[in-house]
Amino acid sequence: MPRPKRDHGIGDMMPKTVLAFSDPGSQRIEEDFQGIHQNRMNKRDFNHAMASMGLLGSLGLLPEAATAQNSSTRGAATPQSAQLSQAHVVVVGAGFAGCTVAKTLRQLSKNTLRVTLVEPNSNFLMLALSNLVLGESEPFAHFTQALAPLTKAHGIDWIQDRAVGLEPQKKTLKLANASTLTYDKLVLCPGVELVLDAVEGLNEAKQTSRIVQAWGNDLELQVLKRQLLEMPNGGTFAIAIPPSPFKCPPGPYERASQVAHYLLTHKPQSRVLVLDANQDLLSNAAHFKRYWAEHYAHIIEYRPDHLVTGVDAKSLTLSFEVQDDLQVQVANVLPPMRAQAIAREAGMANVNDKWCEVNFLNFESRLQRDVHILGDAIQGAPLMPKSGHMAHAQGLVLAKAIVAELSLQLPDPNAQLSNFCYSFLNDHAALHLESLHRYDPKARTYQLIPGSNKPSPAPSVEQGQAAWRWAAQMWDDLLS
Ligand SMILES: Cc1cc2nc3c(=O)[nH]c(=O)nc-3n(C[C@H](O)[C@H](O)[C@H](O)COP(=O)(O)OP(=O)(O)OC[C@H]3O[C@@H](n4cnc5c(N)ncnc54)[C@H](O)[C@@H]3O)c2cc1C
């Protein structure tokens with residue numbers, strides 16, 4: 001990936017996790033904290049921890065002098081407890097969330113905390129901006145990078161394997177190689193699973209690579225690109241979008257744009273059908289529609305309320321819940337999504353058996369102590385998208401919360417999460433989505449900071465350049 005200089009000011013959008021207490025909701029924080037530390041510390045330790053963060057003062061439980069004295073140490077989440085250096089944190093999945101949390105845990109603990117990362121893939125595939133591979137402006141190789149430099153640089157123990165079972169009562173994690181890891185804290189960042197069975201025939205179609213998704217850390221983007229290159233001029237490329245929520249809401253519309261950009265110059269008689277199970281585009285709808293009408297009017301056709309229920313791999317025919325069957329030349333069918341098997345099979349996916357509910361103060365599972373879940377696998381807070389930037393931001397917040405907890409301190413009740421997502425419409429112009437979310441101790445969830453989700457300006461070359469700077473910074477943050 002081209003690596004422009006890091007001068008784009010994205011740091012301003014990165015989560016600020018300044019440790020400070022606000023009075024509203026402090027009762028709830030105390031309750032959450034008591035819950036977090038239940039069975040881990042006695043009353044004296046608990047009071048000490050509360051006092052060290054000034055919380056007893058804010059609750060009116062300390063004399064004034066003590067509060068004044070303690071206020072000078074507020075925010076000092078220094079990693080000094082023996083618990084921190086003796087603890088073992090196991091992180092499952094080295095995507096946006098997993099890489100971030102593993103690296104940040106090591107950094108914040110000054111390399112004292114033992115961190116083990118479980119990930120079967122040796123390479124990280126940066127999906128962000130990877131749709132440009134289909135538009136022919138970037139090679140696939142630009143989007144993959146080895147994981148080993150990250151783990152070596154930060155002293156993270158990487159086990160190249162898959163987690164297959166979890167016994168939270170024993171605090172053990174089973175790996176595919178039959179070994180077992182014990183943990184003090186487990187961080188599950190396994191991302192999403194594509195529910196192929198929800199679309200009849202899709203499993204078989206995928207096995208023969210007749211219909212692929214190219215929506216994960218695999219080589220399918222290359223298969224899809226080959227299918228596009230081999231498609232005759234006059235052919236139809238269909239992308240089927242599942243019901244929300246799914247990984248990367250703007251991703252399918254960016255992909256349709258990239259395919260149209262390629263077709264415009266190489267096969268102008270061809271079409272892109274956007275078959276959306278949702279009622280309208282889920283992201284930047286007005287901008288996408290206007291751009292498509294102005295630049296790809298004879299190529300892209302958008303059809304809302306089109307839920308694909310079956311595929312015939314041989315004839316490349318798609319069936320729908322309501323509409324008539326449709327035969328196409330290339331089918332990119334994205335099925336519904338849910339949290340990966342390791343989280344669901346461990347019983348963590350308590351929202352419709354799909355998504356994992358967490359306590360947003362420290363991303364701990366609502367069902368299991370010391371199991372924290374991050375990224376695409378969780379049931380998000382309102383208006384919180386399933387994006388790489390968001391998963392990264394959550395990783396930063398959780399790493400701080402874990403280090404604080406293991407240092408007998410409180411997690412930050414004012415943590416913020418940012419999101420930034422770019423979508424390219426051709427090979428150089430992009431638009432974006434942005435938002436900031438703040439933890440609300442009263443509501444015990446993240447709330448969108450009003451006004452932070454400003455609509456993107458019209459697509460521009462400047463936003464395209466900002467997208468590459470964002471990506472370069474993100475690569476650095478995740479993998480070096
Ligand atoms: C085409 C496309 C474009 C996108 N563009 C953007 C963008 O521009 N900006 C943006 O912010 N986001 C973008 N995204 C979304 C982004 O890629 C995801 O939201 C992000 O990857 C989620 O991070 P995660 O850490 O939760 O999961 P992932 O990044 O998916 O990582 C999960 C990891 O867990 C591993 N894993 C799974 N199960 C196990 C197991 N049992 N044991 C061990 N390891 C396991 C997997 O191998 C994987 O490496 C895009 C996505 C797509 C598909």
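This is a predicted model: local features need pLDDT of at least 70, side-chain atom pairs count only at pLDDT 80 or more; totals for chains, interfaces and linings use all residues.
So, Phe-237 first: this residue stands opposite Val-330 in β17. Those two strands, β11 (residues 236-241) and β17, pair in the parallel sense over four bridges. When I say pair, I mean DSSP finds at least two bridges between the strands.

Numbering runs from 1 along each chain as its sequence is written.

Back to β17, residues 330-333. Val-330 and Asn-332 point one way, Ala-331 and Val-333 point the other way, and all are buried. Buried here means 20 or more other C-beta atoms within 10 Å of the residue's own, exposed means 12 or fewer, and partly exposed is in between, with C-beta atoms placed from the backbone.

Another strand to look at is β1, residues 88-92. Four of its five residues are buried, so β1 is largely enclosed by the rest of the structure. Strand β1 runs parallel to β2 (residues 114-118), with five bridges joining them, and Val-91 stands opposite Leu-117 in β2.

Of its 480 residues, 49% count as buried. If you take the contacts in the chain with a separation of 6 or more, 70% come from residues 24 or more positions apart; a contact is two C-beta atoms, placed from the backbone, within 7 Å.

Now the ligand. How many residues surround it? The count is 37, and the closest are Gly-93, Gly-95, Gly-191, Gly-375 and Gly-388. The cut-off for being near is a C-beta atom, placed from the backbone, within 6 Å of the molecule. The elements giving two or more residues to that shell are α6 (96-108), α13 (388-406) and β22 (416-424). By class we have 18 nonpolar, 14 polar and five charged residues. Nonpolar is Ala, Val, Leu, Ile, Met, Phe, Trp, Tyr, Cys and Pro, charged is Asp, Glu, Lys and Arg, and the others, Gly among them, are polar. At least three shell residues come from each of domain 1 (10-17 + 80-193 + 338-479) and domain 3 (196-335), with the bounds taken from an automatic or database domain assignment.

Next, helix α11, residues 285-295. Which residues of α11 are buried? They are His-287, Phe-288, Tyr-291 and Trp-292. These four cover an arc of only 125° around the axis, which puts them on the same side of α11; the arc uses the directions from the helix axis to the C-beta atoms. That buried set packs against α10, β13 (300-303) and β23 (430-440). On the face turned away, α11 carries the exposed residues Ala-286, Ala-293 and Glu-294.

Most residues other than glycine have a negative phi, and most peptide bonds are trans. Well, the bond from Ser-244 to Pro-245 is cis, omega near 5°, and Pro-245 lies in the loop between β11 and α10 (251-266). Ala-178 has a positive phi, near 80°, in the loop between β7 (172-175) and β8 (180-182). With 8 C-beta neighbours inside 10 Å, Ala-178 counts as exposed. Leu-383 also has a positive phi, about 65°, and lies in the loop between β21 (371-373) and α13. Leu-383 counts as partly exposed, with 13 C-beta neighbours inside 10 Å.
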